[in-house]
Amino acid sequence: MFRVISRGRIKSPWIFHLNTGSCNGCDIEVVAAFTPRYDLERFGCLLVGSPRHADVLLVTGPVTRQMLPRLIRVYEQIPEPKVVVAVGTCASSGSPFLGSEMIEGPADRIIPVDAYVVGCPPRPEAIVKGVVMAVMSKFR
Amino acid sequence: MIERGIEKEVEVEYTRLRIHFGPVHPALKEPVSLRVFVKGEEVVDVDIVLGHVHRGIESLAEGRNLAQALYLVERICGICSHSHTTCFTQALEEISGIKPSERALYLRTLIFEMERIHSHLLLLGIMAYEVGFDTLFMFTWHVRERILDLFEKITGNRIHHAMNTIGGVRWDLTPEMVKELDACLGEIEKSIKYIHDAFMDKTVEKRTYGLGVLDHSRAIKLCVVGPTARGSGVNIDVRRDHPYAAYNDMKEVFSVILRKDGDVYARTEVRLLEILESINIIRMVLDRLPEGSIRPEENIFRLMRKIQEGEAVSLVEAPRGELLYFVKTDGKGGLRRLKVRTPTFSNLACLKHVLVGHEIADIPVIVASIDPCLSCTNRVTIINRENGELNVVGMDTLRRRVRKKWMQ
């Protein structure tokens, strides 16, 4: 029974995308990953509007002070088991904005992160690969 | 038998209800919080809460040298990154007196117009998505991939192009690229005509006509800029009014597109037709591209230290409107003050006027129609609720306050 459920999870991971103060670069690449050229939907992925429906959380951006409570709330709203993918250099290490008073990140300081996709911004293929790898390692 | 004619008296009258829209909302790709006051379905008042993307870039840039600041300034916005760096380098060039070569200026213009096409296509896709026309959204984003491929060929990057450097540009065009650009422009032109026809469709028309009207006088009063202003018939365009880069030579090639209606459809149509104008400009740039070097021989770090103390204001027409930079250098390769005024900052002021009177379901369409780019926009402003006093708090004061809070 459990194997059937986990198989189902691998076949249709639903994705929620949260912008925690990114420059838009990663966000448009995340959306571009869902458009015909890269087509994340062929793996059964779907971009959903509510964290309660999601299995995968894509975090972009260094976590700003105002988005910190939102990030924690969104993370807690996603039902278990869940996967977190940090997309972009900002979310992975906070790189260009390190030293700013307004930055609380990177994301792994606040929530557990399963996969990092680095790049400024990463290419859609990289995002696709990050999601697939995280899902395969955690839900199997 | 049930007696008829007796109706239940409804005593409850709808009062104002506050609905929080955002900051995490499926219709928004970026965090902004709108506090919408409604009566029934009708929007009565709107309060915008910003600052979710506030990263303190201006103060960060002041602690870094000019080469690092150029890198940082590009990260203000991922959609109009070339506008930000162009504006910044222009200010530095004005302070230092370094003159970029003609070829560099033309290449800047080329990337600028490609960026405008990419940004407008992105917005058109989002408009289609908000209207509920997902097929058109997928189609526009597919067309946009062509432009991103070209960006990758020319600059090596899809989003952050890193094309500008002090006194020139970093990458040159090869003859094969010119050929490919030409072929791609023809394809995009064809697709734009198709998208225009699709936007004339009855369903799109019903969702966008007469919605979110911003009339001419109000648009002037609220200092709206860019396509939002041009959709209301305000005739402004920095490319024509204060030409920069190579736009002085392009004056006869492009016209400023104006629409009088001021509704969502007018704003969308302005953007659609501006893509065709951009294609014209790119063709002219490729036609007239002068020969020569693209950047000064000297290393950027040497150049940076040569820039004397001074201040300058620089203006460009970003895809969303007028972008303004105030730069003050300290003469040692660093910055004393950087001030950025982005187009969305001026455009957001009109949001209250265009939203009031419409239904809740129309909010995403109207918000998308002014093309908000919120990662550019966030500022720290503190409003005193009791007496309505508004004061902008400087970073230092804020820092002190924050530290005080953390000490406790």
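Start at A162(B), which sits in the loop between α5 (134–155) and β4 (164–165) of chain B. Keep in mind that this is a predicted model. A162(B) isn't a glycine, yet its phi is positive, at about 50°.

You'll find N24(A) in the loop between β1 and α2 of chain A. N24(A) counts as buried, since 27 other C-beta atoms fall within 10 Å.

On the chain, P81(A) belongs to the loop between α3 and β4 (83–87) of chain A.

Further along, C120(A) and P121(A) are also joined by a cis peptide bond, with omega at about -15°. P121(A) is placed in the loop between β5 (115–117) and α5 (124–139) of chain A.

## How chain B is laid out

Chain B splits into domain 1, covering 66–355, and domain 2, covering 380–408. Taken over C-alpha atoms, the centres of domain 1 and domain 2 of chain B are 34 Å apart.

If you trace the secondary structure of chain B, you get 17 helices and 10 strands. Chain B has 408 residues, and 48% of them count as buried. Take the contacts in chain B between residues at least 6 apart in sequence: 70% of these link residues at least 24 apart.

## Two helices side by side

In chain B, have a look at helix α4 (residues 102–131) and helix α11 (residues 264–288), which pack at an angle of about 155° with 9 Å between their axes. So α4(B) runs roughly antiparallel to α11(B), as angles over 145 degrees count that way. The crossing of α4(B) and α11(B) is left-handed.

Which residues meet where α4(B) packs on α11(B)? From α4(B) they include Y106(B), L110(B), I117(B), L121(B), L124(B) and M127(B). On the α11(B) side, L272(B), I275(B), I281(B), I282(B) and V285(B) are among them.

## The largest nonpolar core

The largest nonpolar core holds 151 residues, and those touching the most other members are L57(A), V85(A), V87(A) and V131(A). Helix α4 of chain B gives this core its largest share, 18 residues.

Leaving out residues up to four places away in sequence, V87(A) touches C26(A), V30(A), L58(A), V59(A), T60(A), V117(A), P122(A), I127(A) and G130(A).

## Where the chains touch

Between the two chains, 32 residues of chain A are in contact with 32 residues of chain B. On the side of chain A that touches chain B, β1 (14–19), α2 (25–33) and α3 (68–77) each supply at least two residues. Which element of chain A gives the most to that side? α2(A) does, with six residues.

Key
Residues are numbered from 1 along each chain as its sequence is written. Chains are lettered from A and ligands numbered from 1 in the order in which they are written. This is a predicted model: local features need pLDDT of at least 70, side-chain atom pairs count only at pLDDT 80 or more; totals for chains, interfaces and linings use all residues. Domain bounds come from an automatic or database domain assignment. A nonpolar core is a set of buried Ala, Val, Leu, Ile, Met, Phe, Trp, Tyr and Cys residues joined through C-beta atoms within 7 Å. A residue is buried if 20 or more other C-beta atoms lie within 10 Å of its own, exposed if 12 or fewer, and partly exposed in between; C-beta atoms are placed from the backbone. Helices (H or I, at least four residues) and strands (E, at least two) are DSSP runs, numbered from the N terminus. Two residues are in contact if their C-beta atoms, placed from the backbone, lie within 7 Å. Axes are lines fitted to C-alpha atoms, for helices over the stretch in contact, and angles run from 0 to 180 degrees between N-to-C directions. Angles under 35 degrees count as roughly parallel, over 145 as roughly antiparallel, 65 to 115 as roughly perpendicular and the rest as oblique. A crossing is left-handed if the near helix is turned anticlockwise from the far one by less than a right angle, and right-handed if clockwise.
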